Amino acid sequence: MKTKLAQDLANVEWGVLTPHAKRDAIIVVSKQLNIVDVGAAIAQDDVISVQHWISEQLIQKPDPEQLTSWNTNPSKQFSTLIVQPFVLVQEATPES
């Protein structure tokens, strides 16, 4: 499963993600976590891991301040992974 999810990982601009934000489907993944590992846990219904990450605020819905910031910068890059019905996003690290 992780191999398949890793192949589905994509870098996308925030402007492309706004329809998903409007339907409340975005989940923000902390940079402390591997987005593919999170996607696999969600897809496999690993409730223990997911609940732990939520309790530690390592995965969460975007807050209003984040949405406002991202909406003013629609070209901001995110690593994204679709795990129906959610779209996992992680702020992309700028290229050096």
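Lysine 2 counts as partly exposed in this predicted model, because its relative accessibility is 46%. Its side chain meets that of aspartate 37 in a salt bridge, with 3.0 Å from N to O, and the structure as a whole contains 4 salt bridges.

**Salt bridges**

- The bridge between lysine 2 and aspartate 37 joins distant parts of the chain, since lysine 2 belongs to helix α1 (residues 2-8) and aspartate 37 to helix α3 (residues 35-43), 35 residues apart.
- Aspartate 37, the acidic partner of lysine 2, has a relative accessible area of 32% and is therefore partly exposed.
- A salt bridge also forms between lysine 61 and aspartate 24, whose closest N and O atoms are 3.7 Å apart.
- Because lysine 61 sits in the loop between β3 and α5 (64-71), while aspartate 24 sits in the loop between α2 and β2, this pair ties together parts of the chain that are 37 residues apart in sequence.
- Lysine 61 has a relative accessibility of 37%, so this residue counts as partly exposed.
- Glutamate 91 and lysine 76 bring their side chains together in a salt bridge of 2.9 Å, taken from N to O.
- Here glutamate 91 lies in strand β5 and lysine 76 in the loop between α5 and β4, so that distant parts of the chain, 15 residues apart, are linked.
- Glutamate 91 is partly exposed at 32% relative accessibility, and lysine 76 is likewise partly exposed, with a relative accessible area of 22%.

**The sheet and the helix across it**

- Strands of a sheet pair through backbone hydrogen bonds, in either the parallel or the antiparallel sense.
- The pairing of strand β2 (residues 26-29) with β3 is antiparallel and extends over 2 bridges, with valine 29 standing opposite isoleucine 59 in β3.

**Packing of α3 and α4**

- Two packed helices are described by the angle between their axes and by the distance between those axes.
- The crossing of α3 and α4 is left-handed.
- On the α3 side the contact is made by Asp37, Val38, Ala41 and Ile42, and on the α4 side by Ser49, Val50 and Trp53.

**Threonine 80**

- When neighbours within four places in sequence are left aside, the residues in contact with threonine 80 are Asp8, Leu9, Ala10, Val12, Leu17, Ile35, Leu88 and Val89.

Technical notes: Residues numbered from 1 in each chain as written. Predicted model: local features only at pLDDT ≥ 70, side-chain atom pairs only at ≥ 80, totals over all residues. Heavy atoms only, no water. Pairing = 2+ DSSP bridges. Helix = DSSP H or I, 4+ residues; strand = E, 2+ residues; numbered from the N terminus. Buried < 20%, exposed > 50% of the residue type's maximum accessible area, 1.4 Å probe, protein only. Left-handed = near helix turned anticlockwise from the far one by under 90°. Contact = heavy atoms within 4.5 Å.
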